Amino acid sequence: MTALSGAAAAYDDALVAGDAAGAVALVQGLVAEGADPLAVLVEVIGACQRAVGDRWECGRWTVGQEHAATAVAISATGVVARLADHVPVTKGRVVVACAQREWHTLSAMIVSTAMRLLGWDTVTLGAGTAPARLAHCLDNARVDVTAISCTVLGALPAARRLIEVSTAAGIPTLVGGAAFGADARRALALGATAWASDVYSAEALLDSLAGTVPKAVVPAGRRVAEQSAIELRHHGLVEAVKGRWSATATHTASDVGDRDRFSTACDGVLRQALHSVGATLLTGDVRSIPVTAAWVDRVLTARGAKTRQTAELGGLLADALHEFPAARDLVVRHWAEDLVLNGGCAQ
């Protein structure tokens, strides 16, 4: 329990109700009463947003409900961001970007707002930042650090390209987000200068990143070549697996809405499964694959599928990747190692 636990519970109630006005009023009241704005950002808005994702994962919320709650969170974060705009700039400048394929902008918004609260000048480039756009920004402004937010595995190749652009200009990179996992391994494999697990650790790291850095080494070799080829053939590979997988061929929910939601979830987990293979090829971190398989199982079993269908997906994925021996071997060896046969989510 923290001093803001009660406020977080009330804020979560507003998210569940889709009450943007109530969430905004609550955050305004907290900062007006003297609560630390950074703590409100991290321990109320950020913490409750993680619960939003959990509710979708466990089938308790639809994608629409998740998006509505995120819109509420963006409005609430805006309250803190407007307060942060009045904080004097006492440090350097941070550019905050999301890699291409990364459309979850709330995390980057929270990071940018937090850095402003701490006295950094910030430039937020937003979702799906192209390397050329980042290069233009770095060429036309004095920048001390590039911060890159990445929550989905499919955006890691694009995050690598942003890292290359920044370090080519001698500017250090600080990366974070769920796609980088629980430690610095993936970040360092992609050439990032540093990895932060959360806003508080980012605060501690930023001051130490001043100065120029060498250009990140571009990954090469057979595995990286396979990753690039798989990325180019992503849609075709997904469709090939989808046409053979029992989960997409035989689900018989009586309600049309339930069938549509299950189909949408299957499309999402198929793409994420393939992205986990690409992320492993690119970073060497095999944990991406079993962690993704366990996530797939939670998503599917919460919607009425069987764990055997998650295991089946691994076999079909390996078959579809027969032209890519390194990728196929990774799936065969690692897909099922963390699967628990009873699956399910806590209610």
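Figure 1. In β2, T129 is the bridge partner of A99. The model is predicted: local features need pLDDT of at least 70, side-chain atom pairs count only at pLDDT 80 or more, and totals for chains, interfaces and linings use all residues. Residues are numbered from 1 along each chain as its sequence is written, and side-chain values use heavy atoms, with hydrogens and water left out. Strands (E, at least two residues) and helices (H or I, at least four residues) are DSSP runs numbered from the N terminus. Two strands count as paired if DSSP finds at least two bridges between them. Between β1 and β2 there are six bridges, in the parallel sense.

Figure 2. Five strands form an open sheet in the order β2-β1-β3-β4-β5, and their pairing is parallel. β2 (121–129) and β5 (194–195) are the edge strands, each pairing on one side only. Helix α5 packs on the sheet and touches β1, β2 and β3, its direction making about 175° with that of β2. Helix α6 (residues 131–140) also packs on the sheet, touching β1, β2 and β3, at about 165° to the direction of β2. Contact here means heavy atoms within 4.5 Å. Axes are lines fitted to C-alpha atoms, for helices over the stretch in contact, and angles run from 0 to 180 degrees between N-to-C directions.

**Figure 3. Strand β3 and its two partners.** Five of the five residues of β3 are buried, so the strand is largely enclosed by the rest of the structure. Buried means under 20% relative accessible area, exposed over 50%, and partly exposed in between (1.4 Å probe, protein chains only). In a regular strand the side chains alternate between the two faces of the sheet. On one side of β3 are V145, A147 and S149, on the other T146 and I148, and these residues are all buried. Five bridges join β1 and β3 in the parallel sense, and V95 stands opposite T146 in β3. Strand β4 (residues 173–176) runs parallel to β3, with four bridges between them; in β4, V175 is the bridge partner of I148.

Figure 4. R101 is located in the loop between β1 (93–99) and α5 (105–117). Most residues other than glycine have a negative phi. R101 is not a glycine, yet has a positive phi of about 80°. With 37% relative accessibility, R101 counts as partly exposed.

**Figure 5. The largest nonpolar core.** A nonpolar core is a set of buried Ala, Val, Leu, Ile, Met, Phe, Trp, Tyr and Cys residues joined through side-chain atoms within 4.5 Å. The largest one has 48 residues, of which Y11, V27, L38, L41, I45, M115 and L174 touch the most other members. At least two residues come from each of α1 (5–17), α2 (20–32), α3 (37–57), α4 (63–84), β1, α5, β3 (145–149) and α9 (199–206). The largest share, nine residues, is from α3. Both domain 1 (1–86) and domain 2 (89–218) give residues to this core, so it lies between them. Leaving aside its neighbours within four places in sequence, Y11 is in contact with A23, L26, V27, V44, I45, C48, V72, A73 and A76. Another core, of 35 residues, lies apart from this one and includes V299, L330, V331 and W335.

**Figure 6. Domains 2 and 3.** The protein chain is divided into domain 1 (1–86), domain 2 (89–218) and domain 3 (222–335), with bounds from an automatic or database domain assignment. The centres of domain 2 and domain 3, taken over C-alpha atoms, are separated by 29 Å. Twelve residues from domain 2 and 14 residues from domain 3 take part in the contact.

Figure 7. Q227 lies in helix α10 (residues 222–232) and is buried, with a relative accessible area of 4%. Not counting residues up to four places away in sequence, Q227 touches P157, G278, L281 and L282. Q227 and L281 are 54 residues apart in sequence and 5.9 Å apart in space, C-alpha to C-alpha. R160 is in helix α7 (residues 156–168) and counts as buried at 11% relative accessibility. With the same exclusion of residues up to four places away, R160 touches L190, P219, V224 and L282.
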